[in-house]
Amino acid sequence: VYLYPEELVKSPKDAGIVYWGIDYSDNSKKLFIKAQNVRAPLIISNCDDLTGWSASNDATQLTRDTIRFIQGSASIQFKIDETLSPNQRATLKFTPSPSFDLSSYQNIGTFLVSLYMENTNGVSSVSLRWATDASNYWVNTQTTNADGLSFQSSSWNDIIFNWKDATQVGNPDSKNITFFQIDIDYNEANFSSPQFWNIDRLILNVQDRLILTYY
């Protein structure tokens, strides 16, 4: 399998060989390709500590978890308790210092959030908001994980949020993003509370465009 990043490769001789594999599970055949991104991901938060993080609505008890994590040295564990508010929503907010200039990622970037979901019964969606202030922001809502599957219980779920698909509210300034907010919405009638979840990594990437030649 040969990789042709359009921005870098001018002729086939410049193409780099990448690792690949074929998966035959689920009665289907899938080709998986591992390639190096042309542009390194921007780490918004590695979630190794609680600096800048806060919880509201039905989210509470933020703690540093050095047992369950997927990168770095830890993740952030939090409790979802539906009795804390009438909103049927758990909210995590990250306030960086200083703010982020994301202008070079506007409309081409993709955010990735990894959530360990203890039990997904009743969970309807996960939203990411990146904002200049409370009245000016972008928001993207997802109802599946990065593989397009339903959220998985007792498992890490990678969730992606494409900037180009986000809804703009007000007039946010991509050069001055002062906070990021994750909202987990659920149907209280089907949700088992309290639950302990984890978040690990909030990153922003630019997806590479790949041209693959195969037989």
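## The model

This is a predicted model, in which local features need pLDDT of at least 70, side-chain atom pairs count only at pLDDT 80 or more, and totals for chains, interfaces and linings use all residues. Residues are numbered from 1 along each chain as its sequence is written, and side-chain values use heavy atoms, leaving out hydrogens and water.

The chain averages a pLDDT (the predictor's confidence in each residue, from 0 to 100) of 86, and 83% of the residues score at least 70. Take care with residues 1-17, where the pLDDT is below 50.

## Salt bridges

The whole structure holds five salt bridges (a side-chain nitrogen of Lys or Arg within 4 Å of a carboxyl oxygen of Asp or Glu). R89, D183 and D185 are linked in a network of them. The closest N and O atoms of D183 and R89 are 3.7 Å apart; D183 sits in strand β15 (residues 179-186) and R89 in strand β9 (residues 89-94), strands being DSSP runs of E, at least two residues, numbered from the N terminus.

R89 also meets D185, at 2.7 Å from N to O. This pair joins β9 to β15, so it ties together parts 96 residues apart in sequence.

## A buried leucine

L202 belongs to strand β16 (residues 195-206). Its relative accessible area is 0%, so it counts as buried (under 20%, with a 1.4 Å probe and protein chains only). Beyond its neighbours within four places in sequence, L202 has contacts (heavy atoms within 4.5 Å) that include L42, F111, L128 and F180.

Note on methods:
Helix = DSSP H or I, 4+ residues; strand = E, 2+ residues; numbered from the N terminus. Buried < 20%, exposed > 50% of the residue type's maximum accessible area, 1.4 Å probe, protein only.
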